[in-house]
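Work through the exercises below with the model open. Each task is followed by a worked solution.

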Amino acid sequence: MNVLLINGSPHAHGCTDAALREVAAALEADGIETTIFHIGSQPVAGCIGCGGCVKAGHCVFGGPVVDVLPLAEKADGFVFGAPVHYATAAAGMLGFLHRLGYSAGRTLRHKPAAVVTTARRAGTTSALEALEKVPQFYEMPLISSTYWPMVHGNSADQVPGDAEGLQIMRNLGHNMAWILKCIEAGKAAGVTAPTAENSVRTNFVR
Ligand SMILES: Cc1cc2nc3c(=O)[nH]c(=O)nc-3n(C[C@H](O)[C@H](O)[C@H](O)COP(=O)(O)O)c2cc1C
């Protein structure tokens, strides 16, 4: 089994990366393979709702949203990480998630997901809430930890100073590993994911 950890920071080796690496180490210790994918250091735009992906099968604007697809297809679980920018999740990661969900929600559906954030000081819980929106839309069971999954620091060298934050990351990794093993055991016993009802769409037009 493989968990794909997505670093939604513009910094490949910053605080978000340090947090994700702690989650990954716990997963690996529990026998789960991990892959870390960085969305890059360039600005990542959001979805414009053009619908081009319906025909193409992927976001027509390319970039990390398309580069990640082979990894996303084979992943059994996801960890979405992003730093706090202006008291919410970094806009690039939200753009990435919105375009990934809209163009390739099939790669996410029913796979367990966790969200992680990092900040110098404030805005962490708003950021976590923002990061949860796409996993919630695609029926991804959300994995929790022993506190809201955040690590404090302004640069990667400060992250080890947040011992509790790193403990939360390790507990998150172990919880993710446990749920993945439960799902695998369930599948072996014939328990499959439900097929959602999808025929009704109400746009609140009266
Ligand atoms: C544009 C921008 C806005 C930021 N806004 C906040 C903020 O609202 N609250 C906060 O605590 N830190 C804020 N920070 C600091 C980062 O959240 C913090 O340094 C984070 O740990 C960096 O993670 P990274 O190294 O993975 O990019 C901001 C940083 C940037 C670049």
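**Exercise 1.** Classify alanine 87 as buried, partly exposed or exposed.

Solution. In this predicted model, alanine 87 has 14 other C-beta atoms within 10 Å. A buried residue needs 20 or more, and an exposed one has 12 or fewer. Alanine 87 is therefore partly exposed. Last, check its backbone: phi of alanine 87 is near 65 degrees, a positive value in a residue other than glycine.

**Exercise 2.** Locate glutamate 139 and describe its phi.

Solution. Glutamate 139 belongs to the loop between α6 (124-137) and β6 (150-152). Its phi is positive, about 55 degrees, although glutamate 139 is not a glycine. With 14 other C-beta atoms within 10 Å, glutamate 139 is partly exposed.

**Exercise 3.** Determine how the axes of α1 and α7 are oriented to each other.

Solution. The two axes, of α1 and of helix α7 (residues 163-188), come within 7 Å and cross at roughly 45 degrees. Angles under 35 degrees would be roughly parallel, and 65 to 115 roughly perpendicular. α1 and α7 are therefore oblique to each other. The crossing of α1 and α7 is right-handed. The residues of this contact comprise ten nonpolar, two polar and two charged.

Technical notes:
Residues numbered from 1 in each chain as written. Predicted model: local features only at pLDDT ≥ 70, side-chain atom pairs only at ≥ 80, totals over all residues. Axes fitted to C-alpha atoms, helices over the stretch in contact; angles between N-to-C directions. Helix = DSSP H or I, 4+ residues; strand = E, 2+ residues; numbered from the N terminus. Parallel < 35°, antiparallel > 145°, perpendicular 65-115°, else oblique. Left-handed = near helix turned anticlockwise from the far one by under 90°. Nonpolar A, V, L, I, M, F, W, Y, C, P; charged D, E, K, R; others polar.
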